[in-house]
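Subject: Handover of a structure

Dear colleague,

Please find below the structure that I am handing over to you.

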Amino acid sequence: MFVDSEQIEVKYHVRIPTITKCPGKHEYIAGVDSSITLTCTSDGNPKPIYHWYKDNHDDSISNGENFTLMNINTTDSGLYTCNVSNTINGLTFTEAA
């Protein structure tokens, strides 16, 4: 028996991202904690593009799902934001956390 089939692709805009910290503490101590990794998780098709920002500045400090602070010190304190975006039919969809 022959079955005719057709593959379809469903596109959808990015979802609001979730950020996790590793280690998952509320406070980090300079000189004691050597690194912090922030992970941004989202979903979308096409696959989301990731950008990290610090203290609401316009310049991206990193791209990718993970952002790691090494040799942490007091200048690392601040608000970190992950923006995710994808483009469908010329329209760009963006979410942030």
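Trp52, Phe67 and Tyr80 form one aromatic cluster. Here, rings of Phe, Tyr and Trp (its six-membered ring) pair if their centres lie within 6.5 Å; planes under 30 degrees apart count as stacked, over 60 as edge-to-face and the rest as tilted. Please note that this is a predicted model, in which local features need pLDDT of at least 70, side-chain atom pairs count only at pLDDT 80 or more, and totals for chains, interfaces and linings use all residues. Residues are numbered from 1 along each chain as its sequence is written, and side-chain values use heavy atoms, with hydrogens and water left out.

The aromatic pairs

Two aromatic pairs are found when the whole structure is searched. In one of them, the ring centres of Phe67 and Tyr80 are 5.9 Å apart and the planes stand at 35°, so the pair is tilted. Phe67 belongs to strand S5 and Tyr80 to strand S6, 13 residues apart, and the pair thus links distant parts of the chain. Strands (E, at least two residues) and helices (H or I, at least four) are DSSP runs, numbered from the N terminus. Phe67 is buried at a relative accessible area of 12%, and Tyr80 is buried at 14%. Buried means under 20% relative accessible area, exposed over 50%, and partly exposed in between (1.4 Å probe, protein chains only).

The nonpolar core

Phe67 and Tyr80 also belong to the largest nonpolar core, which has twelve residues, including Trp52, Leu69, Cys40 and Cys82. Such a core is a set of buried Ala, Val, Leu, Ile, Met, Phe, Trp, Tyr and Cys residues joined through side-chain atoms within 4.5 Å. At least two residues of this core come from each of strand S2 (35-41), strand S3 (49-54), strand S5 (66-70) and strand S6 (80-88). Leaving aside residues up to four places away in sequence, Leu69 touches Ser34, Ser35, Ile36, Asp76 and Tyr80; contact means heavy atoms within 4.5 Å.

The cysteines

The structure holds one disulfide, that is, a pair of cysteine sulfur atoms within 2.5 Å. Cys40 is joined to Cys82, with an S to S distance of 2.1 Å. This pair links distant parts of the chain, with Cys40 in strand S2 and Cys82 in strand S6, 42 residues apart. The link is left-handed, with -90° about the S-S bond, and both Cys40 and Cys82 are buried. Cys22 counts as exposed, at 52% relative accessibility.

The sheet

Four strands make an open sheet in the order S4-S3-S6-S7, with antiparallel pairing. Strands S4 (62-63) and S7 (91-96) stand at the edges with a single partner strand each, so one side of each has no neighbour in the sheet. Two strands pair if DSSP finds at least two bridges between them; S6 and S7, which run antiparallel, are joined by six. Asn83 has Ala96 in S7 as its bridge partner. Ser62 lies in strand S4 and is buried, with a relative accessible area of 16%. Tyr50, His51, Trp52 and Phe67 are touched by Ser62, not counting residues up to four places away in sequence.

Yours sincerely
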